[in-house]
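Student: I would like to learn how to read side-chain features in a model. Please take them one at a time.

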Amino acid sequence: MELRQARYFLALAEECHFGRAAARLHVAQPALSQQIKQLERELGISLFHRSTRRVELTEAGRHLTGYARTLVTESDRARVHMTELATGRAGRVSLGFIGTATYDVLPRVARTVRAELPRLSLELRGELLSPQLVDGLLTGAYDLTVLRPGDHPEGVHVTPLRTEPLVAVLPAHHPLAGEPRVSVSALAHETFVIHPAQPRSAMHDRVLAACARAGFQPKSLVEVGETATLVVLVAAGHGVALVPEAVQSLRLDGATYVPLAESETVDLVLGRRAHRNTPAVQQVAEIVQGCVRP
């Protein structure tokens with residue numbers, strides 16, 4: 001049974017009148033009658049009792065109604081789903097975020113996608129390092145990543161998102177915690193809690209470069225992989241840290257954020273695979289760009 005035959009059969013089964021069914025289908029009555037006769041020949045059984053006064057379903061016709069309705073319904077569902085895929089309103093998109101973007105960008109992206117693209121399946125993972133995110137793009141684990149710029153391999157494209165000022169994170173009892181601003185050089189004798197050198201975090205190099213410009217190398221380093229853990233260790237008095245301004249949304253007792261006197265910044269970019277730009281990926285990429293506050 002072809003889909004067109006199923007539609008014609010259902011229209012006649014519901015109207016029980018060739019004229020009304022033909023008008024509903026916007027076809028000529030003889031064409032409808034021919035299609036029903038052809039369907040009966042193909043199935044080898046009568047589907048309707050016909051008389052000059054009425055048309056009604058046979059027992060076989062009543063049984064066929066359920067199958068025909070399922071066929072038409074599933075066809076309509078498939079058409080809607082294909083349209084949603086073609087326009088990027090359905091599908092699956094996976095995103096990975098560096099730790100510092102986990103706290104402000106990730107929640108806004110999740111809320112916006114849920115509101116604007118409810119049929120799209122979104123997979124999110126935060127608290128990752130830029131090298132891990134680049135590897136994830138290359139292996140196909142992620143369609144999009146929010147990460148730091150660098151010497152990314154061929155096949156990874158990046159779009160600038162914003163430039164973020166760095167701020168100091170100090171223990172609440174630190175002598176400089178109440179200052180309106182703090183100079184990086186004032187932290188020369190402190191232990192620095194920092195993102196790891198292996199796998200190499202972009203923030204690791206960025207913080208050491210800021211210290212070098214201030215005229216010193218940190219006397220000791222405590223390396224941690226997650227930004228949340230970094231702030232927790234500062235709050236516990238294990239050292240100080242330099243982090244992007246967005247991390248201030250992570251509020252912990254015992255940790256104080258103080259702006260820097262110097263203009264130290266770090267960039268945030270959106271990464272994607274060169275040949276992975278489905279309509280759904282493009283839709284989510286635009287949402288990510290709209291959710292990143294300058």
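Student: Is Phe48 buried or exposed?

Tutor: Buried means under 20% relative accessible area, exposed over 50%, and partly exposed in between, with a 1.4 Å probe and protein chains only. Phe48 has a relative accessible area of 3%, so Phe48 is buried. Note that this is a predicted model, in which local features need pLDDT of at least 70, side-chain atom pairs count only at pLDDT 80 or more, and totals for chains, interfaces and linings use all residues. Residues are numbered from 1 along each chain as its sequence is written, and side-chain values use heavy atoms, with hydrogens and water left out.

Student: How many aromatic pairs are there?

Tutor: Rings of Phe, Tyr and Trp (its six-membered ring) pair if their centres lie within 6.5 Å; planes under 30 degrees apart count as stacked, over 60 as edge-to-face and the rest as tilted. By this rule there are two aromatic pairs. Phe9 and Phe48 make a tilted one, at 5.5 Å centre to centre with 55° between the planes.

Student: Which parts of the chain does the pair of Phe9 and Phe48 tie together?

Tutor: Helices (H or I, at least four residues) and strands (E, at least two) are DSSP runs, numbered from the N terminus. Phe9 lies in helix 1 (residues 3-15) and Phe48 in strand 1 (residues 48-50), so the pair ties together parts that are 39 residues apart in sequence. Phe9 is buried, with a relative accessible area of 0%. The rings of Phe192 and Phe216 also form a tilted pair, because their centres are 6.2 Å apart and their planes are at 45°. Phe192 belongs to strand 7 (residues 191-194) and Phe216 to the loop between helix 8 (202-213) and strand 8 (220-223), so this pair ties together parts 24 residues apart in sequence.

Student: Are Phe192 and Phe216 buried or exposed?

Tutor: Phe192 is buried, at 0% relative accessible area. Phe216 is buried too, at 11%.

Student: How many salt bridges does the structure hold?

Tutor: Side chains of opposite charge can pair when their charged atoms come close. The criterion is a side-chain nitrogen of Lys or Arg within 4 Å of a carboxyl oxygen of Asp or Glu. The structure holds 17 salt bridges. One of them joins Glu14 and Arg24, whose closest N and O atoms are 2.4 Å apart. This pair links distant parts of the chain, with Glu14 in helix 1 and Arg24 in helix 2 (residues 18-25), 10 residues apart. Glu14 is partly exposed at 42% relative accessibility, and Arg24 is partly exposed at 39%.

Student: What does Glu15 form a salt bridge with?

Tutor: Glu15 pairs with Arg20, the closest N and O atoms being 3.5 Å apart. Glu15 counts as partly exposed at 24% relative accessibility, as does Arg20 at 44%.

Student: Where do Arg206 and Glu264 lie?

Tutor: Their salt bridge has its closest N and O atoms 3.2 Å apart. Arg206 lies in helix 8 and Glu264 in the loop between strand 10 (255-259) and strand 11 (265-273), so the pair ties together parts that are 58 residues apart in sequence. Glu264 counts as buried, at 8% relative accessibility.
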